[in-house]
Amino acid sequence: MLELIGEWMVVSDPPAHTRLRRLAAGAFKGQRISAMGEQITALVDELVEAFTGGDLISEIAYPLPATVIAMMLGAPVADRDRFREWSDELALVAFGAGGDARAERHERALRGLREMDAYFRELIALRRREPGEDMLTALMAADGDPAAGDRLSDDELVSMCALLLFAGHETTTNSIANATLALLRHPDQLARLRADPELIAPAVEELLRFDGPIKVLNRWVVAETEIRGRRISPGERVHLVLASANRDPEKFADPDTLDLARRPNPQIAFGKGIHACIGAQLARMETRIAVARIVERLPGLALAAEPRWKPSLASRSLEQLRVEVTR
Amino acid sequence: MRIGVDPDVCEAHGQCSVVDLDLFPLDDDGHSAVGPDREVPPGEEGAARIGVDACPVRALRVLSA
Ligand code: HEM
């Protein structure tokens, strides 16, 4: 089961990374993602309409991205809830869990992931027999090297599905929740977005810059490097603090000011370079639609309790986001 | 349609490649390998425009429609 995670492209280097990334990139092309706009809007509307106050994370920000991934992979509607559990179990196994309950929780998570593995294998077998319009079908058809007819194997497809769920769920949940919180804390900017809904695209870039879902990435250094007088040697581990880079005063004027119309906005919440988030277009679309609807359809939105951040190094993640709404 | 990248401006954000890796290839460091002047295959103009617009530092340009 751990091989499934060990071979993820996000933790691999070229040439293995180049091959997996190329194979996945075909399935993530712009048109396929843009085509999901209507479905995502319908999902968001359903969640927002049903929301009468309470924890905005458990009611909107958490279920949405898991359902979008299930939908994108062509899973039957009835199975969508299981994706949330698997995503939590993947996080537990990939990051490890602390505390006394550790061994037992880990064991339970592994059992869940074996079930997920079997589920994806069945879905893959089905799509091999009956291709669909979904991303799983596109991933199967993707050709890494047309001359060699290079395709993803079943094991690789299972691993890819798990990576998409792991990388695309919690991040997007936090992007929607953190954006909503930042707007609630900056009523002038919230009012600005309400008055000018067209601002949503630059607004989401700025909200990602201001409080993005991933605080820190890690890398092993492979070449002698000097940065601002500090030497770093091969074999050393470095932490790339995205949250700090996104508030760099040499890059951003008034970096601690939330300015929804900031342009240009070279924020790096999606990382940079060859590992830059492959789901960035999808994540942007989900966050834009969700934040736009939250702002528009929940006019009396207000904090109902002081939210707390989870004590996590890598992710910028709220325990809950309890709000009141008056329609 | 022709597109190009200014290598002095590119900061390897990779956002163009996320739109379409075939139209916007990267080098090993993650910088754009589009080159100064590249022809966009017919029918791909829409994706090319989205990719150019995705550059947060405006390193990419549409050279001719
Ligand atoms: C706002 C939401 C999101 C944020 C902030 C985010 C952020 C990131 C970051 C910073 C990386 C780079 C990791 C590294 O360099 O080590 C990354 C990689 C990745 N993301 Fe996202 N992500 C989001 C949503 C998504 C979604 C929705 C998906 C897919 C459904 C996704 C799939 C991936 C994958 C597969 C990678 C690995 C790419 C590679 O290694 O080449 N992400 N993401």
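**Figure 1. Contacts and fold of chain B.** Residues 24 or more positions apart account for 71% of the contacts in chain B with a separation of 6 or more, a contact being a pair of residues whose C-beta atoms, placed from the backbone, lie within 7 Å. This is a predicted model, in which local features need pLDDT of at least 70 and side-chain atom pairs count only at pLDDT 80 or more, while totals for chains, interfaces and linings use all residues. Residues are numbered from 1 along each chain as its sequence is written, and chains are lettered from A and ligands numbered from 1 in the order in which they are written. Chain B has two helices and three strands, arranged along the sequence as β-α-β-α-β; helices (H or I, at least four residues) and strands (E, at least two) are DSSP runs, numbered from the N terminus. The radius of gyration of chain B is 10 Å, close to the 11 Å that the globule rule gives for 65 residues, so chain B is as compact as a globular protein of that length. The radius is taken over C-alpha atoms, and the rule is 2.2 Å times the number of residues to the power 0.38.

**Figure 2. Secondary structure and burial in chain A.** Chain A comprises 15 helices and seven strands. Of its 327 residues, 39% are buried, that is, with 20 or more other C-beta atoms within 10 Å of their own, these atoms being placed from the backbone. The C-alpha atoms of chain A fill a box of roughly 55 × 55 × 45 Å along the principal axes.

**Figure 3. Packing of helices α11 and α15 of chain A.** The axes of α11 (residues 170-185) and α15 (residues 280-297) of chain A come within 10 Å and cross at roughly 35°; axes are lines fitted to C-alpha atoms over the stretch in contact, and angles run from 0 to 180 degrees between N-to-C directions. Among the contact residues are A:Ser175 and A:Ala179 of α11(A), and A:Thr287 and A:Ala290 of α15(A). By class, the contact holds eight nonpolar, five polar and one charged residues, where Ala, Val, Leu, Ile, Met, Phe, Trp, Tyr, Cys and Pro count as nonpolar, Asp, Glu, Lys and Arg as charged, and the others, Gly among them, as polar.

**Figure 4. The shell around the ligand.** Of the 25 residues around the ligand, A:Gly168, A:Ser175, A:Gly271, A:Cys277 and A:Gly279 come nearest; a residue is near if its C-beta atom, placed from the backbone, lies within 6 Å. α10(A) gives the most to this shell, with four residues. The shell has 15 nonpolar, nine polar and one charged residues.

Methods: A residue is buried if 20 or more other C-beta atoms lie within 10 Å of its own, exposed if 12 or fewer, and partly exposed in between; C-beta atoms are placed from the backbone. Two residues are in contact if their C-beta atoms, placed from the backbone, lie within 7 Å.
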